[in-house]
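Please walk through this structure one site at a time. Keep the sequence and the 3D view side by side.

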Amino acid sequence: MVGYNLKNSEPPISMEDGDSRGYGSLRTLQDCVHCGFCLPSCPTYRVLGTESDSPRGRIDLMKAYANGEIGISNSLMEHISLCLVCRNCETACPSGVRFGWAMDATRARLEEEIHRSVTDRISRRIFFSVFENLAVLRTVMRLLRLSNFLPFMRLSRLLGFSQFSQFIPVTQNVLKNSSGFINPGGRLYKADGNRPATRKVGFLVGCIMSTLLADIDHATLRVLNKNACDVVLCKGQTCCGAMHLHEGEREKAKTLARKNIDAFSKYPDIEAIIVNSSGCGAQMKEYGVLLEDDLKYHKKAEEFSSKVKDLSEFLCGSQLNTSFTSLPDMKVTYQDPCHLVHGQGIRKEPREILRQIPGIHLQEMEDSEQCCGAAGIYSVLNPGMSEQILSSRINSINKTGAKVVVASNPPCIIQYSTRFQNTGDSRRVMHLAELLDQAYSS
Ligand code: SF4
Ligand code: SF4
């Protein structure tokens, strides 16, 4: 997945208009005033302390590359690929630089220009295609669940996925304990009988959430039903495309966005589109930016995005059903998922909900808004840096004495679960929906 030859033949990009190739997101780079306020917030700058691995340094590199002042080099690729796209620098920035948009556009441009080996191209195509069709993804996950993992590891190494093979045993372990996958075939989940439906909502089942972490999707559906919602699993929906966008596969991300817009627009009676994965939510709230040059879809994308709500945002915005039974006393700490806190500005809602569950004691950790190092498939592509960032988070968690880490994004859940499992640590990671579900049913 990483082998490429370097070539720089494309003309520079005008940052005034982003040019006709859909790079308008680069315009935001002009707002950087070089103040440096963002540096302490950046996980890679905290570890390495080098300007080129800071937001400001990367902005300089992105601008120089877009203006044609520098070409592609191994050094440029390294500094760009080491960024987690966690967007913590956006929260810190007083000038409103939308760093994530610019990084996504830069990676897309780089992807157009570098020449990958045939094996690398094939392995990328296979990998990303699996996530573009949820039925195919479910089949792959079923095979993974049923079979011995050794042939899968050999096959993945053969196809150039050696970085991914280490996750196969962990994935199988999670799959063995999870309940049935979710197939978004238009099924309606009716509101709980004791609280007749007052609202009808759509639900993004997600690629990883509907397979590997399907228990969380099931819990989310029960929680919404307990909160007087009829929930429809809109037919035709697919992966949100966030992973594709962050890895430079911009056109594929646009195709997935259009598919989701078409799928959900067939249900005009839903008042909101609920998302329980913060990376997907941030992506879907910005479909308008992704499709800004698409005359047919731009307006539809903005309408779609205005309906997208994170689960915590939706529950806090309506009257949360607080008919909880008390859970056994449990000290929990909360990890702010990057794309919830920095991508969507949501920090108080999950905490408000946690504080209302009897038996839960929320103990805040230091730097809860720092990335855990998972960042989509970053932990696979940059395992060394990911581990160092994760270790700093684990130190913060250790100081809280919490037995449960609450995190509402699949990569964070997998990142912490893998570390706990590999080190024989009995602490657990739970999604907010799982805690709520337990509180409603215990
Ligand atoms: S997105 Fe995250 S890792 Fe990348 S420069 Fe900004 S703070 Fe650093
Ligand atoms: S805080 Fe904003 S304006 Fe200041 S250096 Fe960072 S990105 Fe540029």
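Predicted model: local features only at pLDDT ≥ 70, side-chain atom pairs only at ≥ 80, totals over all residues.

Start at ligand 2. Its shell holds 15 residues. C32, C35, C38, C93 and S95 are the closest of them. Two helices, helix 2 (55-66) and helix 4 (88-92), each give at least two residues to this shell. Helix 2 provides the largest share, with 3 residues. By class, the shell around ligand 2 has 11 nonpolar, 3 polar and 1 charged residues.

Move on to a helix pair. Two packed helices are described by the angle between their axes and the distance between the axes. Take helix 13 (residues 250-265) and helix 16 (residues 298-307). Their axes come within 10 Å. The crossing angle is roughly 65 degrees. Angles of 65 to 115 degrees count as roughly perpendicular, so helix 13 and helix 16 are roughly perpendicular to each other. The crossing is left-handed. On the helix 13 side, the contact involves A257, I261, F264 and S265. Helix 16 meets them with K300, A301 and F304. This contact comprises 5 nonpolar, 1 polar and 1 charged residues.

Finish at V223, in helix 11 (residues 214-226). Is V223 buried or exposed? A residue counts as buried if 20 or more other C-beta atoms lie within 10 Å of its own. V223 has 27 within 10 Å, and therefore is buried. Which residues does V223 touch, leaving aside those up to four places away in sequence? They are A433, L436, D437 and Y440. V223 and A433 lie 210 residues apart in sequence. In space, their C-alpha atoms are 6.8 Å apart.

Methods. Residues numbered from 1 in each chain as written. Chains lettered and ligands numbered in written order. Helix = DSSP H or I, 4+ residues; strand = E, 2+ residues; numbered from the N terminus. Buried ≥ 20, exposed ≤ 12 C-beta atoms within 10 Å, placed from the backbone. Contact = placed C-beta atoms within 7 Å. Axes fitted to C-alpha atoms, helices over the stretch in contact; angles between N-to-C directions. Parallel < 35°, antiparallel > 145°, perpendicular 65-115°, else oblique. Left-handed = near helix turned anticlockwise from the far one by under 90°. Nonpolar A, V, L, I, M, F, W, Y, C, P; charged D, E, K, R; others polar. Near = placed C-beta within 6 Å.
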